[in-house]
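Subject: Structure handover

Dear colleague,

Here is the structure for your files.

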Amino acid sequence: MGYCYFCEKEPVEKYFGYYCADCREIKNIMNVYGRDKVLGIVKSCCIRNDKQIQNKIDIELGDIKTNKKDVDKVYNLRNITK
Ligand SMILES: [Zn+2]
């Protein structure tokens, strides 16, 4: 048995087949929705440009700063109640 022609990681589903089970499912989805539509969805959802990467970094750093403020508030409240 050979390996899948698409992912090149998994063994093929059938002896004379070309794809593994997961890639066969992807191919069936592409047959229904069209190659261009599926490729567009994959590119828009899975590939991030520089601006999107920076936005994610800013959001994550914002969460860290927010969490630090929350920790400081709790710490200050504990000191007040003592
Ligand atoms: Zn595969």
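Of the 82 residues in the protein, 4% are buried. Please keep in mind that this is a predicted model. The mean pLDDT over the protein is 85, and 78% of the residues score at least 70. Confidence is highest in α1, at 96, and lowest in helix α3 (residues 50-81), where the mean is 74.

Overall layout

The protein has 3 helices and 0 strands, and along the sequence the pattern reads α-α-α. Among contacts in the protein with a separation of 6 or more, residues 24 or more positions apart account for 0%.

Helix α1 has 13 residues. From its first C-alpha to its last, α1 reaches 19 Å, close to the 18 Å expected at 1.5 Å a residue. After α1 comes Gly 34, which has a positive phi, near 100 degrees.

Helix α2 has 12 residues, which should span 16 Å at 1.5 Å a residue. The end C-alpha atoms of α2 are 16 Å apart, so the two values agree. The helix is hardly covered: the count of buried residues in α2 is 0.

How the two helices meet

A pair of packed helices is described by the distance between the axes and the angle between them. For helix α1 (residues 21-33) and helix α2 (residues 35-46), the axes come within 6 Å and cross at roughly 115 degrees. On the α1 side the contact involves Ile 29, Met 30 and Tyr 33; on the α2 side it involves Arg 35, Lys 37 and Val 38. By class, this contact of α1 with α2 has 4 nonpolar residues, 2 charged residues and no polar ones.

One backbone point

Glu 8 lies in the segment before α1. Although Glu 8 is not a glycine, its phi is positive, about 60 degrees. Is Glu 8 buried or exposed? There are 10 other C-beta atoms within 10 Å of Glu 8. A residue counts as exposed if that number is 12 or fewer, so Glu 8 is exposed.

Regards

Terms used
Residues are numbered from 1 along each chain as its sequence is written. This is a predicted model: local features need pLDDT of at least 70, side-chain atom pairs count only at pLDDT 80 or more; totals for chains, interfaces and linings use all residues. Axes are lines fitted to C-alpha atoms, for helices over the stretch in contact, and angles run from 0 to 180 degrees between N-to-C directions. Helices (H or I, at least four residues) and strands (E, at least two) are DSSP runs, numbered from the N terminus. Two residues are in contact if their C-beta atoms, placed from the backbone, lie within 7 Å. Ala, Val, Leu, Ile, Met, Phe, Trp, Tyr, Cys and Pro count as nonpolar, Asp, Glu, Lys and Arg as charged, and the others, Gly among them, as polar. A residue is buried if 20 or more other C-beta atoms lie within 10 Å of its own, exposed if 12 or fewer, and partly exposed in between; C-beta atoms are placed from the backbone. pLDDT is the predictor's confidence in each residue, from 0 to 100. The expected span of a helix is 1.5 Å times one less than its number of residues.
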